[in-house]
Amino acid sequence: MKILEVKNLVKNFGGLRAVDDLSLTIEEGQILGLIGPNGAGKSTAFNCIAGVYPPSGGEVYFFGEKINNHNPWDLCKKGLARTFQIVKPFASKTVLYNVTVGGYVHTEKRAKAEEKALEVLKYIDLYDKKDMKAGKLTIADRKRLEIARALATGPKLLLLDEVMAGLRPTEVDKMVEIIKDLRDNGITFFVIEHIMRAIMALSDRIVVIHYGQKISEGRPEEIASDERVIKAYLGEEYGVS
Amino acid sequence: MWFIVEDLINGILMGAIYGLTALGLTVIFGVLKVINFAHGSLLMVGMFVAYWAVTLSGLHPYLALILVIPIMFFFGYYLQDIVIKPIFKAEKDVREPITVIIVTTGVWYILDNLTLLIFGPQYRNIQDNPLRGKMLEIGGMFISVPKLWGFSAAILTALAIYWFLQRTRMGRAIRATSLDRDAASLMGIKQYKVYNIAFGIGTAAAGIAGVTLVPFYNVFPSVGVLFDIKGFIIVVLGGLGSISGAILGGMIIGVIESVGPQFMTATWTEGIVYALFLLVLFVKPSGLFGVRYDW
Amino acid sequence: MTRENFQKLSAALLLIVSFGLPLVLRSPTYLHILILLYLYAYLTTSWNLVGGFAGVLPLGHAAFFGIGAYTSTVLFLQYGISPWIGMVLGGIMASIVGVIIGLPTFKMRGAYFALATIAFGEGMRVMVENIDYLGPFNLNGPRGLQIPPLNVGLANLMFVNKEPYYYIILIMLIAVLMLTYTISCSKLGYYLNAGGEEPEAAKALGVNVARCKLIAMAMSSFLTALAGVFYAQLTLFIHPKSVISLDLSFEIAFIALIGGRGSIAGPVLGALLLRPVSDFSRIYFGHILPGLHLIIFGTVLILVMIFQPRGLQEPLTKAYHRLLDRLTEKPAEKE
């Protein structure tokens, strides 16, 4: 079942075309990776899909429903959650409070929201820090908190925006494990990542974009040897002709 | 019919003075990205300094500028340095620190009431100054002479500030900081020094405005409040950070105030000014002229 | 004694003392001071719903105070409607106005929002000062409205002595504090805090930030209007400069900020600390040093913002918790 379908997505900012005719699909239970050089338009594409700003053109379908001009909070209730590249914890509140906010999506009761939050915290191994102020966490823990919050909303599709940035290799490996485990538990993932070791290990398929356009798509091995991708990342001189 | 033209001209003159009072506010916002709620109080301080300078020396009011400009510049410089800088340092990552607004409101209260304490609430004015009440007659219309002086002072000050920002090294540093403070400090520009100087310039502008007002306006501790709110209105109309916008915005207010009473009561005129303010805030917060920065 | 029991006991003691105070303190002057103290604590707590929980800086709340005062007074003087009903109607009016103001302004950034609220507050004052009649209602412009002290009694919220006023405002204060506490523990409270602190993240977590802020505004303006009615019935004279004044808006905000906005105890604490300063400096220094209390307010505000931006409640709460630890035993760790 196609969970996410993006058809000919276009996003213009004044004269700048940040996303140019992007199309992709994600099947349920897949992990789709999105890579590309800096400024390629990855976060913009995410923001269009997640409802932060409306697309200038094209359509986005979530479970077959067109979601072009939906609000982020409506999308969240429908099962589409996302994290942010620059983490935004509610710094003055405890870890538990942060995740409880997510837990309130499908309930009005505090007890239920907290219960869900504690469950997520135990799973993602942040339970013993639940009473710490979020502002005092290390960057790795903050990234996990981002994911924990999104998880508490009970998503079916989770958009992760560079969630590995700033993590040490061991932390990256741990994060990859967590994501794979979550996928086995039924969550579909759409991941933007720069850290190659992570994206190669995680993704079932990868989409590569450059200057807002899709330049390649395929399995990780295929992408790694695709000449266009190499040129885009490393420059014209590196292409094997 | 001539009355309208006369009102229009006087409105433009007074409006330029309003613009002058708001000039400091717009410069401070353009550079520091904060709205200085204490601006009216700074204007009031400028008026008091000018008043005492003239009363004690008996000189022409505009000669008081020699005293007023440096005094006000340093007052503003150190006010920013001592009171406001700590807040900036504490809230480094926030682009528009709201705490600074709160702090400047505190400064407003302190300045106004301290002045009240020291000088008392009575209205003062310079009775026998060479400008008071003088009118220039042009073709049957009476143009207020002090306002004419004020108009010239406003235009000159605006040009001077513009020239300073465009042509001097410090001016370029100020412009750079206002556009991107992190990049500017990476270039070796001392961010807080720039802030101090910008604040000093803004306060000095308020001082000049005070000098232009003293010949025909009463001086009393809460005089700043009226100009404070008008100042906000003017800078929003003209675009926060725009020098020409401040002068033009002031002129709009000045014209409304002087032509309006021909058609409706003075207080409804005041109401129109508020309504216009709210309209601009909702519809085009970047100002009527849409220009964000002049420089 | 366990911590929980200690807190319950202290709360009970506090209630007993506050309810019993008028029996001991007979002087109307002191009662009046206390009444105003509770009034300000009530006002700052109501303001806190928007200014603290929602994270914006409204500086025009006196407008709602005035709407309450004028609505009930006009209805009472012209139609003989009881101020209690006036409270409800004034509150609803204020809520509607609050939402209308909130709709466009909540989208603005901090400074613009603050300016817009000032503009609304002052604009309303100018309007009331210049209209004598709003439709069939007599507002009497700058001369204000006076309520003749006839027909005293509970039905008309008018009393000869101060005691009944004391109890009414005390009950109102307790009610609003309980309401604030309930909200802070509820979904709305969590959502407001989230939306106030990181709106983008909150939206991605299912929070309709704009709607929550409007709900908070509607509540806050309703409650503030009730206080306006109370004040009208207390002083029996209202005019634009006293009930729709910029000074009042600022004082409410200042006190809440100094005490600590966003917390429950903060606004009350602020009122408890600052109102006596205001009253005593006015009583004892009023002639020689007018406006002294405002200078003190301003200085305290600046110092607090530099050193304790979350308000004085932060260090005080920490000290309180340390005191509790020393006096009581901790309850067993819940697992």
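Predicted model: local features only at pLDDT ≥ 70, side-chain atom pairs only at ≥ 80, totals over all residues.
Of the two pairs of chains that are in contact, chains B and C share the most contacts, whereas no contact joins chain A and chain B, whose closest C-alpha atoms lie 13 Å apart. The largest nonpolar core holds 266 residues, and Ala198(B) and Ile169(C) are the residues that touch the most other members.

**Chain B: overall build**

- The secondary structure of chain B amounts to 11 helices and two strands, and along the sequence these follow the pattern α-α-α-α-β-β-α-α-α-α-α-α-α.
- The radius of gyration of chain B is 19 Å, which agrees with the value near 19 Å that a compact globule of 295 residues would have.
- Taken along the principal axes, the C-alpha atoms of chain B fill a box of roughly 60 × 45 × 35 Å.
- Of the 295 residues in chain B, 54% count as buried, and among contacts between residues at least 6 apart in sequence, 78% join residues that are at least 24 apart.

**Chain B against chain C**

- The contact between these chains takes 33 residues from chain B and 33 residues from chain C.
- On the side of chain B that touches chain C, at least two residues each are supplied by α3 (65–90), α4 (98–119), α9 (223–238) and α11 (266–283) of chain B.
- Helix α4(B) gives the largest share of that side, namely 14 residues.
- By residue class, the side of chain B that touches chain C divides into 25 nonpolar, six polar and two charged residues.

**Chain A against chain C**

- Here the contact takes 21 residues from chain A and 17 residues from chain C.
- On the side of chain A that touches chain C, α2, β6 (80–82) and α3 (95–103) of chain A each supply at least two residues.
- The largest share of that side, four residues, comes from α2(A).
- The residues of chain A on this side divide into 10 nonpolar, four polar and seven charged.

- Between the domains, 14 residues of domain 1 of chain A are in contact with 12 residues of domain 2 of chain A.
- The side of domain 1 of chain A that touches domain 2 of chain A draws at least two residues from each of α1 (42–49), α2 (72–78) and β7 (157–161) of chain A.
- Helix α2(A) supplies the largest share of this side of domain 1, four residues; α2(A) also gives the largest share of the side of chain A that touches chain C, again four residues.
- The residues of domain 1 of chain A that form the side touching domain 2 of chain A divide into eight nonpolar, two polar and four charged.

**Chain A: the open sheet**

- Four strands of chain A form an open sheet in the order β2-β1-β4-β5, with antiparallel pairing.
- The edge strands of this sheet are β2 (16–27) and β5 (65–66) of chain A, each of which pairs on one side only.
- Strand β4 (residues 57–62) of chain A pairs with β5(A) in the antiparallel sense over two bridges, and the bridge partner of Phe62(A) in β5(A) is Glu65(A).

**The largest nonpolar core**

- In soluble globular proteins, nonpolar side chains tend to be buried together.
- In this model, the largest nonpolar core has 266 residues, with Ala198(B) and Ile169(C) touching the most other members.
- Helix α9 (residues 209–235) of chain C provides the largest share of this core, 16 residues.
- Domain 1 (1–78 + 159–166 + 189–241) and domain 2 (80–154) of chain A both give residues to this core, so the core lies between them.
- Leaving aside its neighbours within four places in sequence, Ile169(C) is in contact with Ile35(C), Tyr38(C), Leu39(C), Tyr42(C) and Phe230(C).

**A position in chain C: Ile100(C)**

- Ile100(C) lies in helix α4 (residues 83–105) of chain C, and Ile100(C) counts as partly exposed because 13 C-beta neighbours lie inside 10 Å.
- Although Ile100(C) and Met217(C) are 117 residues apart in sequence, the two are 9.8 Å apart in space, C-alpha to C-alpha.

Conventions: Residues numbered from 1 in each chain as written. Chains lettered and ligands numbered in written order. Rg over C-alpha atoms; globule rule 2.2 N^0.38 Å. Buried ≥ 20, exposed ≤ 12 C-beta atoms within 10 Å, placed from the backbone. Contact = placed C-beta atoms within 7 Å. Nonpolar A, V, L, I, M, F, W, Y, C, P; charged D, E, K, R; others polar. Core = buried A, V, L, I, M, F, W, Y, C linked by C-beta atoms within 7 Å. Domains from an automatic or database assignment. Pairing = 2+ DSSP bridges.
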